[in-house]
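Open the model in a viewer and keep the sequence panel in view.

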Amino acid sequence: MAASLAFAVPAGADEADSSAAFFSAKAYSAPIGVDFYDAGAPLIPGEIVYGTVAVAKAAVDSVGNSAGFAGGPYLGDNVPALMGAFNAIGPFGAILPPYPFMVQSQYPGAPKQVQDSGPRHLAANSNENGSDSDAHVGLARGNPGLASVSATSKAIHDPATGVSTATADGVVEGFSVGPTLTIGQVVSHADVSAQPGVKPTKHTSLSIGSLTVMGTLVGLTDKGLVPGEDTDAGTDSAALIIGLSRDVPGGLMRVRIILGRVLARVDSGPAQG
């Protein structure tokens, strides 16, 4: 999973002092995601939907961009984009309301946005040196079911030291798939700190609480987990993937539930032209 916030470069950015350092910090948390794949889909074969119960993004960079985003439930970036495009072609203005389950912040312009509705809390905050976001969604009954999901992301830059830090955390409580599988808690974390000319420091962790399969309590060791991707600039945490697939007349149909995936990344270096 990879995600980032898109920014417009402010006017005059290419005239910035060439001695200034470049930095870009991004954090992304979606502690429970579901993707649906249908090889026989009539219009778009393959992945149809990638949705998350709660998602938080934050980013800050050296050309003056600082933004936060929180959503839940969220069916991926395509849904709000398609709703906006549909409204744009309407002859009498907007036809559909904006996607309701998300908040966005950006500095300058919209430094804070909060949405509280029952068990759902979404918040995004931005200032000139960083952004943070928080998404919490409680109690979803059904199959699968869960007690709560929390996602937090933070991207900050300290102008005094030149250190940029990205931090992402996710918590899933009480996840279950009928009587087959029950997981008490999944906690994931990723953080990266960096400054020009210094090797980044990175930390990541994934903790899985009590795990019951077909009524039997089982355990996981580090040999039972596949490490996440670790690059020079960032770290992508490990995750637990639960897959369900079925052969249908049109081909393979697959649903995957991804638990515990968070990402943090900091790029830095000399000023770029």
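Begin by selecting Tyr28, which lies in strand S1 (residues 21-38); helices (H or I, at least four residues) and strands (E, at least two) are DSSP runs, numbered from the N terminus. This is a predicted model, in which local features need pLDDT of at least 70 and side-chain atom pairs count only at pLDDT 80 or more, while totals for chains, interfaces and linings use all residues. Residues are numbered from 1 along each chain as its sequence is written, and side-chain values use heavy atoms, with hydrogens and water left out.

Is Tyr28 buried or exposed? Tyr28 counts as buried, at 8% relative accessibility; buried means under 20% relative accessible area, exposed over 50%, and partly exposed in between (1.4 Å probe, protein chains only).

Next, select Arg261 and Asp236. These two form a salt bridge, with 3.4 Å between the closest N and O atoms. The pair links distant parts of the chain, 25 residues apart: Arg261 is in strand S17 (residues 251-270) and Asp236 in strand S15 (residues 234-236). The term salt bridge here means a side-chain nitrogen of Lys or Arg within 4 Å of a carboxyl oxygen of Asp or Glu. Arg261 is buried at 16% relative accessible area, and Asp236 is buried at 9%.

Move to Arg265 and Asp267, whose side chains meet in a salt bridge with an N to O distance of 2.8 Å. Both ends are partly exposed: Asp267 has 24% relative accessibility and Arg265 has 33%. By the rule used here, the count comes to two salt bridges.

Now select Val213, Met214 and Val218. They form a nonpolar patch on the surface, with about 260 Å² of accessible area together. Patches are made of residues with over 30% relative accessible area and no salt bridge; like charges are joined within 9 Å, and nonpolar side chains (Val, Leu, Ile, Met, Phe, Trp, Tyr) within 5 Å. Met214 is in the loop between strand S13 (211-213) and strand S14 (216-218), and is exposed at 60% relative accessible area.

Finally, show the whole protein chain. Its secondary structure comes to one helix and 17 strands, and 38% of its 273 residues are buried. The protein chain exposes about 14500 Å², of which carbon and sulfur atoms supply 58%; accessible areas come from the Shrake-Rupley method with a 1.4 Å probe, and for residues only the protein chains shown count as cover.
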